[in-house]
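Some notes on this model follow, point by point. Please read them with the structure open.

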Amino acid sequence: MNEAVNGIHLGPRSRRGVRFFARLINPLILAIAGRRWMPVVGILHHRGRKSGRMYSTPLGMRPSAGAFVMPRTFGDNAAWYQNVLAAGWCSVTYLGRDYPLVDPEIIDYPTAAPAFPRYERLQFRLVGINEYLRMRQASTDSSLPTANAPVTARS
């Protein structure tokens, strides 16, 4: 059964379409994401699990009690999610500041809901997003790579 239980499930053709449009749109979104006046979209900086390159992905996220919560829009299939899970860390740029994050953990809708405003929670429910990634903020003396490393836009 191919039921959309934990995010948006797309077939191979649709995934190719999403990747095509992401390559066009992500550079534009990266220009505004993570800024002090943009609380809806931050920038997730992650290392490719195969290439070792640093990538920057614009992503909806919200801070919550010393952590950040991100909807897993495309479930397990998202490259950013697979990279973060493999590395065990990432950093985000949110409201103009960089935050190193560690300890990726999948949480459910009731646990994640308090981090998001009502209009976003409604959107998540309508498209069937039931899983979220929560990562706690690492200590400031962490030796994780910074967001200033060379990056490539990634969907």
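1. Histidine 45 is buried, at 5% relative accessibility. Buried means under 20% relative accessible area, exposed over 50%, and partly exposed in between (1.4 Å probe, protein chains only). This is a predicted model: local features need pLDDT of at least 70, side-chain atom pairs count only at pLDDT 80 or more, and totals for chains, interfaces and linings use all residues. Residues are numbered from 1 along each chain as its sequence is written, and side-chain values use heavy atoms, with hydrogens and water left out.

2. Histidine 45 lies in strand 1. Helices (H or I, at least four residues) and strands (E, at least two) are DSSP runs, numbered from the N terminus. The histidine 45 side chain makes polar contacts with the side chains of serine 56 (3.0 Å) and threonine 93 (2.8 Å). A polar contact is a pair of N or O atoms within 3.5 Å; within protein, one must be able to donate a hydrogen and the other to accept it, and residues adjacent in sequence count only if both atoms are side-chain atoms.

3. Helix 2 spans residues 79-87, and its buried residues are Ala79, Trp80, Tyr81, Asn83 and Val84. They pack (heavy atoms within 4.5 Å) against several strands, including strand 1 (41-47), strand 2 (54-60) and strand 7 (131-137). Just after helix 2, glycine 88 has a positive phi of about 80°.

4. Check two backbone angles. Alanine 65 has a positive phi, near 50°. It sits in the loop between strand 3 (62-64) and strand 4, and is exposed at 84% relative accessibility. Leucine 95 also has a positive phi, near 50°. Leucine 95 is in the loop between strand 5 and strand 6, partly exposed at 33%. Most residues other than glycine have a negative phi.
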